[in-house]
Each structure stands twice: as C-alpha cells, then as structure tokens.
Amino acid sequence: MDGYLQILLDAGLTPKNALLGFNVLHDYGMARSIQRRLREGAGTGVPSDRPAQWPALSRVEAMWSQVHGRDLTAFADTLIVDGLRALLARQHAAPDTP
C-alpha cells in the first residue's frame, strides 16, 4: 500500500488524490480477482435466458468470447493511467481541484 501511494505522490498527486487513486487501483484489483474466479466457474455469453430484457448485453454478446483477460487488463490499465494523468493535469491547472 505504501509503495503504491508513494508512486502516486511522487507523480505529483496531492495526498487526497493519491489516496483516492490508490483506492481505485485497489478496488479494480479486487474486482478483477473476483471476476476471474466467477469466470472460471461460469460459461460465456449473455448471462440471462431472456436476452430481450438485456438489449445492451445482447448487442455485445458476439464479442463476449473474443475479449480475454489480457484485453481487459490492458484496457483498464490504460484507462486508469490516462485518468490519473488527466487528474494530474487538472490539479496543476487548478490546485484545489479534487
């Protein structure tokens, strides 16, 4: 925990933003762990026998089997790092911005 916080502080985030950023990273890591366990015990596809009730899931169903853990990890890592960079830029522009 201290190491992650130090990286965020060294990057220039305020103590509050470093703590918030760490919590996002921690929650993401925990969610990925839980998701991996659930995926190992579940099939693929729309997790419902009534796809008409889940139109958004139905639209992405064909992609379900094509998206792998490494794709999710790479996408999430990029999204989180880009978000932290944007936060740092906003923080430099307006130091009181959370």
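**Exercise 1.** How many helices and how many strands does the secondary structure of the protein comprise?

*Solution.* The model is predicted: local features need pLDDT of at least 70, side-chain atom pairs count only at pLDDT 80 or more, and totals for chains, interfaces and linings use all residues. Residues are numbered from 1 along each chain as its sequence is written, and side-chain values use heavy atoms, with hydrogens and water left out. Helices (H or I, at least four residues) and strands (E, at least two) are DSSP runs, numbered from the N terminus. On this basis the protein has four helices and zero strands. Along the sequence, the pattern reads α-α-α-α.

**Exercise 2.** Determine whether glutamine 91 and isoleucine 7 are buried or exposed.

*Solution.* Begin with the cut-offs: buried means under 20% relative accessible area, exposed over 50%, partly exposed in between (1.4 Å probe, protein chains only). Glutamine 91, found in helix H4 (residues 69–93), is buried because its relative accessible area is 7%. Isoleucine 7, in helix H1 (residues 2–10), is exposed because its value is 57%. Of the 98 residues in the protein, 17% are buried.

**Exercise 3.** Which residues is glutamine 91 in contact with, leaving aside its neighbours within four places in sequence?

*Solution.* Contact means heavy atoms within 4.5 Å. With those neighbours set aside, the partners of glutamine 91 are Gly12, Leu13, Thr14 and Asn17. Next, consider side chains: a polar contact of 2.8 Å links glutamine 91 to asparagine 17. Such a contact is a pair of N or O atoms within 3.5 Å; within protein, one must be able to donate a hydrogen and the other to accept it, and residues adjacent in sequence count only if both atoms are side-chain atoms.
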